[in-house]
Amino acid sequence: MSSPRSPPEGGTVLQVGATGHLGRLILSELLARGTRVRALIRPGSDAAGLPTGLEIVRGDLLDPDSLQKAVDGATTIVTSAIGYSQRRDGDSLRTDREGNRNLVDAARRANVSRFVLLSILACDQAPDVPHFWAKKETEDYLAQLGVPFVSLRPGAFLYAPPGGYGQMIRQGLERGQVLGMTPEGVRITYIAPNEVARAIALAVDDPRALGRKVDLGSDRPLSGPEYASLIGQLLGRPVGLAPMSGGRSAPTDDIQAMFRFFQTGKYVADTRQQAALFGPVPKVEDAAREMLRGLGLLPAAR
Ligand SMILES: NC(=O)c1ccc[n+]([C@@H]2O[C@H](COP(=O)([O-])OP(=O)(O)OC[C@H]3O[C@@H](n4cnc5c(N)ncnc54)[C@H](OP(=O)(O)O)[C@@H]3O)[C@@H](O)[C@H]2O)c1
């Protein structure tokens, strides 16, 4: 359970991306801490189903005027918004590049005291992965403009969200397979989205977090075969590896570049800062259990 902390000097947190899968978890964590939240929601996007007790402003990362209004009076900005998940026709990496720059410009003009960016693990080592590099460019732009920021860089989420990706995981597990992503001996970091949301909410007002880029992960990285074996142990039945091309839709060039980057062994979190700031680093077993519970394949936690 989340431990309550005081909101940042009674200020307002502008959250961008609150309707997303992770965005909703972040919103719940912020509200549970008594934080005053203003959510920036795109015109036409459905805000129904969001918890009560927050202010909603309409705006778009690609519309700078709307951002200026949204940021006005906010002390802190938290963003997990992305265009590369293509929730709408026309969504693209332009959101992650130009949209994030617009938000940083607005933050600078409004003189916010903190900008919390949900980044990606090892983004600064992956110039060939467009959605990773867009996060690195946003971090650089924050530094260039002198906006006080915290960048949290999680590894791969262990989850099965609604939609195509979650569907692929479900169907794979029905066949007794998971997508391993790396061969034996090459490991990557996994993390539960709940843990990411918890860290973001803590980063909003922890003075020690300011100015840091913090890797987020579980207690140890896993190779593909180790991941399959872990899921098998938790389910009590054998689980093998699906071929990388096993999904129904072909991965985009961006996602294929990410898979290639995973093979370098550089997608591994150094969790020392995470432990110092946010407490004990969770076990990867717990993240996997949470995913399987979400899929209804393990009973809910008591
Ligand atoms: N999956 C992983 O393994 C992994 C690993 C490391 C880091 N991450 C990071 O984790 C985050 C995942 O977030 P998520 O699960 O919430 O993503 P998501 O479900 O794809 O949601 C994206 C959010 O961005 C909003 N958005 C898109 N374009 C926008 C625009 N032009 N202006 C304003 N808002 C816009 C969407 O709003 P609408 O409702 O209007 O569409 C939605 O709220 C991302 O930052 C990702 O880079 C993920």
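Seven strands form an open sheet in the order S3-S2-S1-S4-S5-S6-S10, and their pairing is parallel. The model is predicted. Helices H3 and H4 lie across strands of this structure, and 27 residues surround a ligand.

- Strand S3 (55-58) and strand S10 (213-216) stand at the edges. Each has a single partner strand, so one side of each is left without a neighbour in the sheet.
- On average, neighbouring strands are turned by 20° against each other, direction ignored.
- Strand S6 (residues 149-154) and S10 run parallel and are joined by four bridges.
- Pro-154 has Leu-216 in S10 as its bridge partner.

**Helices across the strands**
- H3 lies across strand S1 (12-16), strand S4 (76-79) and strand S5 (114-118). H3 runs at about 170° to S4.
- H4 lies across S5, S6 and S10. Its angle to S5 is about 170°.

**H3 against H4**
- Helix H3 (residues 93-110) packs with helix H4 (residues 130-145) at an angle of about 15°. Their axes are 9 Å apart.
- H3 and H4 are therefore roughly parallel to each other.
- Their crossing is right-handed.
- On the H3 side, the contact is made by Leu-93, Asp-96, Arg-97, Asn-100, Arg-101, Val-104 and Arg-108.
- On the H4 side, the residues are Pro-130, His-131, Ala-134, Glu-137, Thr-138, Tyr-141, Leu-142 and Leu-145.
- By class, this contact of H3 with H4 has seven nonpolar, three polar and five charged residues.

**H7 against H10**
- Helix H7 (residues 224-235) and helix H10 (residues 284-294) cross at roughly 65°. Their axes come within 10 Å.
- H7 passes H10 in a right-handed crossing.
- From H7, the residues in the contact are Leu-230, Ile-231, Leu-234 and Leu-235. They meet Val-284, Glu-285, Ala-288, Arg-289 and Leu-292 in H10.
- The residues of this contact of H7 with H10 divide into seven nonpolar, no polar and two charged.

**Around the ligand**
- Of the 27 residues that surround the ligand, the closest are Thr-19, Gly-20, Ser-45, Ala-81 and Ser-85.
- Helix H1 (21-32), H3 and strand S7 (156-157) are the elements that give two or more residues to this shell.
- H1 supplies the largest share of the shell, three residues.
- By class, the shell has 11 nonpolar, 11 polar and five charged residues.

Terms used: Residues numbered from 1 in each chain as written. Predicted model: local features only at pLDDT ≥ 70, side-chain atom pairs only at ≥ 80, totals over all residues. Axes fitted to C-alpha atoms, helices over the stretch in contact; angles between N-to-C directions. Parallel < 35°, antiparallel > 145°, perpendicular 65-115°, else oblique. Left-handed = near helix turned anticlockwise from the far one by under 90°. Contact = placed C-beta atoms within 7 Å. Nonpolar A, V, L, I, M, F, W, Y, C, P; charged D, E, K, R; others polar. Near = placed C-beta within 6 Å. Pairing = 2+ DSSP bridges.
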